[in-house]
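Please look over the sequence and the structure first.

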Amino acid sequence: MLQTPTATNETPADARVAEILAAARQAFAEKGFDGASMQDLARAAGMSVGNFYRYFASKAAIVQALIASDLEEMGRDFEPVLASDDPIAAMRQKVRIKLVEHQCSDKGALWAEITAASLRKPDIGTACGHMETTIADYMMQAFATATGISLNESRQRFGAHAALIMMLVKSSAMMPQQDATLRHDLNTLILRIIDQTLDEIAASGAKG
């Protein structure tokens, strides 16, 4: 069974790293992965370049840390889903929240940059692949609980379902800004497809 992250006491060093990653996230979103130099990232964090390198030796290392941080957040997000008496309903609610959150923040622009970089840089590609596999496994653990099957069987039966949901949420976040009506209509279609996918999973459990 997958384990979600547990809370730990944050040290001053942890807090400083979090501040650096927040600044880097903003710089990457604004200037792009290739456009943001290490000097730009250090300046955004309010540090000298030399001091910045003490924390991160490369932009790839920063991206890997950002991915690890987002994975921790996703683990916390899945805790109530996995603990719910109705994981499918809990996931529907979580997806709706995340869809709006991603569109109201810089995460979409950042993930567009990271996705592009992952195609050129194997170390970033590996980190992205690990993140997607971990999130998919959280989802398939929820599907296993909802349908009363083993996690291995859930992976075999619902792997494509999980991949589709992730693709829709991620691509929605990375879409450029549209007018409010178009965005609303797109969200409605995306959520309809996700609901249909979750309905199919829930129905398979009901049939035994």
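## A partly exposed valine

Valine 100 has a relative accessibility of 46%, so it counts as partly exposed; buried means under 20% relative accessible area, exposed over 50%, and partly exposed in between (1.4 Å probe, protein chains only). Valine 100 belongs to helix α5 (residues 87-103).

The model is predicted: local features need pLDDT of at least 70, side-chain atom pairs count only at pLDDT 80 or more, and totals for chains, interfaces and linings use all residues. Residues are numbered from 1 along each chain as its sequence is written, and side-chain values use heavy atoms, with hydrogens and water left out.

## The chain as a whole

The protein chain has 9 helices and 0 strands. Helices (H or I, at least four residues) and strands (E, at least two) are DSSP runs, numbered from the N terminus. Of the 208 residues in the chain, 42% are buried.

The chain exposes about 10,900 Å², and 56% of this comes from carbon and sulfur atoms; the areas are from the Shrake-Rupley method with a 1.4 Å probe, and for residues only the protein chains shown count as cover. Among contacts (heavy atoms within 4.5 Å) between residues at least 6 apart in sequence, 68% join residues at least 24 apart.

The expected span of a helix is 1.5 Å times one less than its number of residues. For the 26 residues of α7 this should give 38 Å, and the end C-alpha atoms are 36 Å apart, which agrees. After α7 comes glycine 148, with a positive phi near 75°.

Helix α8 (residues 151-174) has 24 residues; if straight, it would span 34 Å, but its end C-alpha atoms span only 30 Å. At phenylalanine 158, α8 bends by about 65°, the bend being the angle between axes fitted to the seven residues ending there and the seven starting there. Phe158 is also among the buried residues of α8, which include Leu151, His161, Ile165 and Val169.

## Aromatic pairs

The whole structure holds 4 aromatic pairs. Rings of Phe, Tyr and Trp (its six-membered ring) pair if their centres lie within 6.5 Å; planes under 30 degrees apart count as stacked, over 60 as edge-to-face and the rest as tilted. One of the pairs joins phenylalanine 28 and phenylalanine 33: the ring centres are 5.5 Å apart and the planes are at 25°, so the pair is stacked. Phenylalanine 28 is buried at 1% relative accessibility, and phenylalanine 33 is buried at 3%. The charged end of lysine 59 sits over the ring of phenylalanine 33, 4.9 Å from its centre; this requires NZ of Lys or CZ of Arg within 6 Å of the ring centre and within 35 degrees of the ring normal.

Phenylalanine 78 and tyrosine 138 also form a stacked pair, because their ring centres are 5.2 Å apart and their planes are at 25°. This pair links distant parts of the chain, with phenylalanine 78 in helix α4 (residues 59-83) and tyrosine 138 in helix α7 (residues 122-147), 60 residues apart. Phenylalanine 78 is buried at 7% relative accessibility, and tyrosine 138 is buried at 4%.

## Serine 118

Serine 118 is in helix α6 (residues 107-120). Its relative accessible area is 18%, so serine 118 counts as buried. Beyond its neighbours within four places in sequence, serine 118 is in contact with Ile124, Gly125 and Cys128.
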